[in-house]
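User: Hi, I'm new to this one and would like a walk through it. Could you show it to me before we start?

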Amino acid sequence: MTGQLTHTGASTGTGTSTSTGTGTSTSTGTGTSTGTGTSTGTGARGGTGARAARRADAHAVRLSQRDIDGLLLCGEHYGAPYDLLAGALRVSPERMPAIVARWRRAGYAATGRFGPGPAWCWLTRDGMNATGLGFPATRPALARLAHIRAVLAVRIWLANGRPWHDGRAWWHSERRLRAVRSPYGTGHVADAEIHWPSIEHSPYAGQVWAVEVELTPKPAARTAAIINELLSPMRYAMVVYLTAPAARTVVTRAAARLPAQDQARLAVRDLPATALGPEPFGPTR
């Protein structure tokens with residue numbers, strides 16, 4: 001624990017003190033008391049005020065920037081498996097249990113195992129309030145574990161690349177996109193957006209890209225409709241599709257049918273190896 005204890009009880013001096021006055025003074029221990037009223041001492045550092053202050057401070061958790069980054073990541077992605085969380089925070093996997101234990105003690109996070117893979121961490125209601133994200137505090141759905149993992153793995157992979165660093169890109173999560181979406185909105189919501197700031201010498205300055213993660217193949221017509229919607233004029237400068245082997249053929253065939261000008265705005269890539277973890281695959285997108 002990194003919180004500091006502050007003593008607020010009575011203090012004693014090193015000089016000589018005499019009890020005078022018309023009241024009754026009782027002193028036990030090594031402390032002395034001076035005054036005209038009734039005073040009871042329980043020792044040199046006695047007092048319920050001091051003990052209460054110690055108890056309150058003892059449970060405080062002082063967060064580092066790494067803690068804040070990790071909590072925000074868990075909140076934006078519905079939750080995170082320990083191995084990817086360790087990679088994002090640049091710590092060894094062996095350190096993650098101790099780190100998330102501090103978050104649990106603060107009341108900000110919950111953890112659990114859902115299958116044969118690593119444990120997961122997600123935010124509690126207090127955690128959502130502390131981060132200011134304001135999303136519902138729910139445990140990640142079992143049917144979406146594989147997809148949540150894959151999207152987070154893509155984010156970490158891209159963020160470790162030189163173009164991302166040089167262009168100072170930032171990630172706009174699906175959860176944030178849905179939070180600002182009209183409840184009457186229709187159409188496909190990208191798995192994430194990549195925003196490129198308008199900085200000098202950046203080849204992507206001012207652009208917004210869509211990120212799509214595909215683990216299992218959709219019907220060809222549905223895949224083509226999503227691609228065409230994301231490539232609609234004035235929506236995204238680029239659409240990046242990252243696919244598992246099972247979904248690659250459907251996506252590449254849909255891309256091959258696009259007009260040449262749209263093909264230039266669509267990049268189809270393999271998912272990073274870290275995206276395909278040992279979690280059970282339920283229905284995915």
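Analyst: What follows goes through cysteines, strands, cavities and pockets in turn.

Analyst: Before that, please keep in mind that this is a predicted model, where local features need pLDDT of at least 70 and side-chain atom pairs count only at pLDDT 80 or more, while totals for chains, interfaces and linings use all residues. Residues are numbered from 1 along each chain as its sequence is written, and side-chain values use heavy atoms, with hydrogens and water left out.

User: Okay, how many disulfides are there?

Analyst: Taking a disulfide as a pair of cysteine sulfur atoms within 2.5 Å, the count comes to 0. Cys 74 is in no disulfide, and its nearest cysteine sulfur, that of Cys 121, is 4.0 Å away.

User: And is Cys 74 buried or exposed?

Analyst: Cys 74 counts as buried because its relative accessibility is 1%; buried means under 20% relative accessible area, exposed over 50%, and partly exposed in between, with a 1.4 Å probe and protein chains only. Cys 121 is buried as well, with a relative accessible area of 0%.

User: Where does Cys 121 sit among the strands?

Analyst: Cys 121 is in E5, where it is the bridge partner of Ala 80. Helices (H or I, at least four residues) and strands (E, at least two) are DSSP runs numbered from the N terminus, and two strands pair if DSSP finds at least two bridges between them. E3 and strand E5, residues 120–123, pair in the antiparallel sense over 2 bridges.

User: What sheet is that part of, and which strands are at its edges?

Analyst: The order is E3-E5-E4 in an open sheet of 3 strands with antiparallel pairing. Strand E3 (80–81) and strand E4 (109–112) are the edge strands, each pairing on one side only.

User: Switching topic, how well covered is strand E9?

Analyst: Strand E9, residues 238–243, is mostly covered, since 6 of its 6 residues are buried under the cut-off already given. On one side these are Met 238, Val 240 and Leu 242, and on the other Val 239, Tyr 241 and Thr 243, which leaves both faces covered.

User: Which strands does E9 pair with?

Analyst: Strand E8 (residues 208–214) pairs with E9 in the parallel sense over 6 bridges, and 5 bridges join E9 to strand E10 (residues 266–270), also running parallel. As examples of partners, Glu 212 is bridged to Tyr 241 in E9, whereas Leu 242 stands opposite Arg 269 in E10.

User: How does the chain get from E8 to E9?

Analyst: The chain crosses from E8 through helix H9 (residues 220–230) to E9, in a β-α-β crossover that is right-handed. Right-handed here means that, with the strands pointing away from the viewer, the path from the first strand over the helix to the second runs clockwise.

User: How far apart are Ala 267 and Val 239?

Analyst: They are 28 residues apart in sequence and 6.3 Å apart in space, C-alpha to C-alpha. Ala 267 lies in strand E10, and Ala 267 is buried, with a relative accessible area of 15%.

User: What lines the largest cavity?

Analyst: The lining includes Glu 76, His 77, Arg 144, Ser 173 and Asp 191, around about 80 Å³ of space. Helix H6 (145–159) gives the most to this lining, with 3 residues.

User: And how much space is in the largest pocket?

Analyst: About 390 Å³ of space lies in the largest pocket. Of its 15 lining residues, Leu 73, Ala 88, Leu 89, Arg 155 and Ala 159 lie nearest its centre.

User: What about the second largest pocket?

Analyst: The second largest pocket holds about 300 Å³ of space, and of the 14 residues that line it, the closest to its centre are Trp 157, Leu 158, Pro 163, Trp 209 and Val 240. The largest share of that lining, 3 residues, comes from E9.

Methods
On a 1 Å grid over the protein atoms alone, a cavity is a set of points where a 1.4 Å probe fits but cannot get out, and a pocket is an open set with protein on both sides within 12 Å along at least five of seven lines; lining residues have an atom within 4 Å of a point. Grid points are joined across faces, edges and corners, and a volume is the space filled by probe spheres set on the points.
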